[in-house]
Amino acid sequence: MMELIAQNMAPIMFASLIIFLLLGYPVAFSLAANGLLFFLIGVELAPLSGGSINLDWALLGSLPNRMWTQFSNDTLLAIPFFTLMGIILEKSGMAEDLLDTIGQLFGPIRGGLAYAVILVGALLAATTGIVAASVIAMGLISLPIMMRYGYDRRVAAGTIAASGTLAQIVPPSLVLIVLADQLQVRVGDMYAGAIVPSLILTGCYILFIFLLSILKPDYVPALPPEARTLGHGITSLLVMLILTAAISYGAYAWLHPKIGVDADIVAMAVGAGFAYLVALANRYLKLGVLSRLAEQVIIVLIPPLALIFLVLGTIFLGLATPTEGGAMGAAGALILAVLKGRLSFDLLRQGVYSATRLSAFVMFIMMGARVFSLTFYGVNGHLWIEHLLVSLPGGELGFVIFVAVLVFLLAFFLDYFELAFIIVPLLVAPAKAIGIDMAWFGVILGLVMQTSFMHPPFGFSLHFLRSVAPRLPYKDAVTGRTIQPVTSGQIYLGALPFMFIQLAMAVLVILVPGFVTGFGDKTATNAPAAQTTFELPTLGGGLPPLGAPGAPAGGADSSVGGLPGLAPLPNMAPSAPPTPGAASDLPGLGTPPGLATQPGAPVTPAAPAATPTPAGANSLPGLGAPPGLDAPAPAPAAPATAPIGGANGLPGLGTPPGLEPPAATQ
């Protein structure tokens, strides 16, 4: 029985973690407690496991280093920066200005307020990256207006909740940062891969509202004329857009030969800057070239777009890392709050408090995950997961579908941070073994995790909206009518269509990987290492094979450019008369430096074939003695009884210094 438990420790440990979470224990403490408990059990059962458990008490000493390595990751610094940026923007009134202005712009058409909520949700997602801030801000501002003018409560609630979840997938998303870190992908590649799916998803939301305005026009009525306080003037806005596009194109044509592929981003920045300056001049100099509506739209839209460029543009241009982009975004949000006159100590305190709280939440989950992973890897849990997932039918597609369904089910009761730190690390090795593009895989996981905010009744976005939606009837301050409350059932029913749209988008990305892989440069992280080959130059037509027939070992040929036991090298036949430097030349390469024959030196005639000149111990066959070890002039032959080099000598080198034999005594 104990042997069976020891050999199946990994699945038992994983099931135990699920039970801990279902019982309602905090995720960080569930991870840590589970890891420590099974570490104790694993150390005791290791002798019975047959080698499947590799745990001992000394391993606990590596925990501080593992945690420090995780906490010193610079990429995760982007989390508090983006959190601070989002809170400052939300509290400074940017969301309110955007919703009011875009609502006025689309107000004359059916579904205009819903279009405004979706577009503002996308803009807030690209500037804040925080679901809670987006949902709460739009719930407080737009939900009373939509209810005031007769929107169906289910449509209004679902639109607000779904638009807030765009912060999950629209860069700079916090979940994309964490997924990139866990999947070992560059954050810039993850951002580039998520742009097209996020734009398509936003377009699908708008398409759903458009179809609803045709099929159920009473669900999404237009704003009445008395509510359009900015009046008309769409023509001047269209003219300004055309002029801005022309200036951007001209800037692109001028910049492209100079800066290359990044010219489009800079050109759009130039065009937007021109439009903003014209709108400011029209407001403060009373030029009258723009309508009030066009002026307000430009002045309200350009600052968040500039902030998006400051964050994402600098990352895509390679001017900043995601952490540096987050820091610049936080600084830009503070500047916008100052320009609006809404920056206060209380606002700064709220932003720092929220950033610190979220960072501490993430750090505690990371600490628990480190403890859990130490034990889980010690019981070979990663191998169990890898064998389980790699053996799934369907190959790459089967693996991705299974993981997507698993994450969708786990998202009912796990937050996206919890999924990223518990589940995703276990999927990295199997995904790489199958050969999956990790950026594509990360975007799929992000889209599926996005549905965790829309799951009735567990969706976090639904709970955020429930916290600000009216629970009791109230009297509207503008119309004087009594407005009925929004029930939880209406919020859940309104969320279902948008959740299915999110799932359909995930399926579309699975079936068409080009939406992700067609963008970004992933060669630095996903491509296999380049195979480098070395090719040596041919030396005089190549060396003959070893043991060539007809080459007498140590014969006369071996002293003329050949190696002992090999046939003579080409062009080095022994019968040819030697030329200056021939003894030191390599065929086809010439004489090495320092071995050339001095000009004017007498040429030594070739030795007779029968009596080859001995190379000596200091020389290389066919090359002669290296510089500094030239053989001394011939000395008279020693008596036959005299030892060569003395007892302490080395043959051919003489006696080393200090070991000379004592002088003979008379």
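I began with the rule that rings of Phe, Tyr and Trp (its six-membered ring) pair if their centres lie within 6.5 Å, and in this predicted model that rule gave me a count of nine aromatic pairs.

I then turned to F208 and F498, an edge-to-face pair with 5.2 Å from centre to centre and 75 degrees between the planes. Because F208 belongs to helix α11 (residues 187–215) and F498 to helix α23 (residues 488–511), I noted that the pair ties together parts that are 290 residues apart in sequence. F208 is partly exposed, its relative accessible area being 23%, while F498 is buried at 1% relative accessibility. I also found that ring pairs join Y205 to F208 and F498 in a cluster.

Since F498 lies in α23, I went on to the packing of that helix with α9 (residues 153–164), where I read that the two axes come within 7 Å and cross at roughly 60 degrees. The two helices are therefore oblique to each other, and the crossing is right-handed. On the α9 side I listed R153, R154, A157, G158, T159 and A162 as making the contact, and on the α23 side Q490, I491, L493, G494, A495 and F498. Sorted by class, this contact of α9 with α23 holds six nonpolar, four polar and two charged residues.

Technical notes: Residues are numbered from 1 along each chain as its sequence is written. This is a predicted model: local features need pLDDT of at least 70, side-chain atom pairs count only at pLDDT 80 or more; totals for chains, interfaces and linings use all residues. Side-chain values use heavy atoms; hydrogens and water are left out. Rings of Phe, Tyr and Trp (its six-membered ring) pair if their centres lie within 6.5 Å; planes under 30 degrees apart count as stacked, over 60 as edge-to-face and the rest as tilted. Helices (H or I, at least four residues) and strands (E, at least two) are DSSP runs, numbered from the N terminus. Buried means under 20% relative accessible area, exposed over 50%, partly exposed in between (1.4 Å probe, protein chains only). Axes are lines fitted to C-alpha atoms, for helices over the stretch in contact, and angles run from 0 to 180 degrees between N-to-C directions. Angles under 35 degrees count as roughly parallel, over 145 as roughly antiparallel, 65 to 115 as roughly perpendicular and the rest as oblique. A crossing is left-handed if the near helix is turned anticlockwise from the far one by less than a right angle, and right-handed if clockwise. Contact means heavy atoms within 4.5 Å. Ala, Val, Leu, Ile, Met, Phe, Trp, Tyr, Cys and Pro count as nonpolar, Asp, Glu, Lys and Arg as charged, and the others, Gly among them, as polar.
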